[in-house]
Amino acid sequence: MSNINSDLALFNELVEALLNEEEKNPVADRIEADKLYDSIDLSLNESAMIDDEFKTVLRDVLISTPKTATNLFFNQLFGGRQGKAVLGDLLAVMLNNSMYTYKVAGPQVGIEQEIIRQSCDLIGYGSQSNGTFPTGGSMSNYMALIMARDVKDPSCKLEGMRNPLVVYTSVESHYSNAKNVSFAGIGRNNIRYIQADSTGRMIPEKLEEQIIKDLEDGCIPTYVNVTAGTTVLGAFDPIDKIADITEKHGIWLHVDGAYCGSIIFSEKYKHLLKGMERSDSFSYNAHKMIGTPMTCSIILVKDKKHLHSSFSNDADYLYQTDGDDFNLGKTSFQCGRRNDALKFWTLWKSVGTKGLRQIVDQQFDLADVAREYVSNHPDYTLYSFEDSISICFNYKNIDPTTLCTVLYEHQITVVGFGSFNEDTFIRLVTINATNSKEDILNFFNVMEEFVEKNPQVLTKSLSFS
Ligand SMILES: *Cc1c(COP(=O)(O)O)cnc(C)c1O
């Protein structure tokens, strides 16, 4: 069987090739989905593959996989590569612990708890708080919802759902909310989508109106999800005003900060989370703004007893030594659980909290550059607002979906589109903190050059309502 040292040598060789390729071609050659199996040998066969062929296939796969770490990738709510976090993740793979017990995770337990403790302090949650690392932001929202459900309807855990629970989120919130109410047994028809204002923020008055109506109808308001950084516009729901309402009516308040909750690290921008300490739970994805490899999501709970009451289960075969505080499986969704904390910790340890603050603030600085560029150029229309790292715009009335597609097909840049109310637009996300101001200006430059050389994209123009 193979020897790990030669595999690691091969790893280094392949990574070097990948980094060179990223330098040369920041946007990967796209393989049409229907030609995929003809383009690369992805087949699994009865016989072993000899080393040279194996290496060639691996290189082919690496080279043709979309490149998310380069300065021309703006498509998603993640991007770039923080070296110290990559280092931590590689070490986590080598260690291959599972995070459920102190017996098998040892100091990794303390690493996870240190991140949770410091994050809770930044939110202002107090001494009863704790948290865990779910598989991602969708799962973080799910865990929050389950805790809210169990608080409101404790019999549900044994008897199943018998009461008419309802939950609230904004129309601009993440789609995981809809799936989660279905998984939780509450049902998709019992989610209330609250209207957002002209800047994409949930309207507190509309929320309270709906809660009062539901109470009159005999429903049980259970959970309010507010978003810190909505998926399209990057808007921040007004947590403080909404907390007035959830406190008054005794409803669990969760802050979905998957996209932009990491601004807890920013002196300059954390005012956008005013009132966050009044929430019951708060989640953020370090693989988005902080730039760790996927995935690294953290849910924090003001009172840890809810984590225990909803997620612990006795398992004598597993929990044989050490106290609950060191056996993290007592408060997690999974049993075996990947070590997502180490990559965040290696980054945090090496750059300090100050370094994380710079990573977060840099994204807003880049967003300012992009917003200013768009505002100052008459060929552009801007659709987004201050204090957001999503810059939404259209260029020369070109259909944004067409433009995004051709830019991608021609390996110019990878950027996506979104919609808000009646408008559809290109959404540039300045989440890669390793980018510079020049990289952002370069994005506009390569796009404009492409349009100039390919005027036919102009013909399918936007119909403004
Ligand atoms: C990305 C995102 C999620 C989902 O997080 P995953 O880690 O992709 O599951 C949830 N909510 C918001 C606001 C997001 O931006």
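Two strands count as paired if DSSP finds at least two bridges between them. The views below come from a predicted model.

**View 1. Strand β3 pairs with strand β5.** Strand β3 covers residues 165-170, and strand β5 covers residues 220-227. They pair in the parallel sense over five bridges.

View 2. Strand β4 spans residues 191-194. Its pairing with β3 is parallel and runs over four bridges. Here V167 stands opposite I191 of β4.

**View 3. The two faces of strand β3.** L165, V167 and T169 point one way from the strand. V166, Y168 and S170 point the other way. Residues on both faces are buried. Six of the six residues of β3 are buried, so the strand is largely enclosed by the rest of the structure.

**View 4. Helix α6 packs against helix α14.** Helix α6 is formed by residues 107-123 and helix α14 by residues 341-376. Their axes lie 9 Å apart, at an angle of about 65°. That makes α6 roughly perpendicular to α14. The crossing is left-handed.

**View 5. Side by side: the residues where α6 meets α14.** From α6 come Q108, I111, E112, I115, Q118 and S119. From α14 come A341, L342, F344, W345 and W348. By class, this contact has seven nonpolar, three polar and one charged residues.

Notes. Residues are numbered from 1 along each chain as its sequence is written. This is a predicted model: local features need pLDDT of at least 70, side-chain atom pairs count only at pLDDT 80 or more; totals for chains, interfaces and linings use all residues. Side-chain values use heavy atoms; hydrogens and water are left out. Axes are lines fitted to C-alpha atoms, for helices over the stretch in contact, and angles run from 0 to 180 degrees between N-to-C directions. Angles under 35 degrees count as roughly parallel, over 145 as roughly antiparallel, 65 to 115 as roughly perpendicular and the rest as oblique. A crossing is left-handed if the near helix is turned anticlockwise from the far one by less than a right angle, and right-handed if clockwise. Contact means heavy atoms within 4.5 Å. Ala, Val, Leu, Ile, Met, Phe, Trp, Tyr, Cys and Pro count as nonpolar, Asp, Glu, Lys and Arg as charged, and the others, Gly among them, as polar. Buried means under 20% relative accessible area, exposed over 50%, partly exposed in between (1.4 Å probe, protein chains only).
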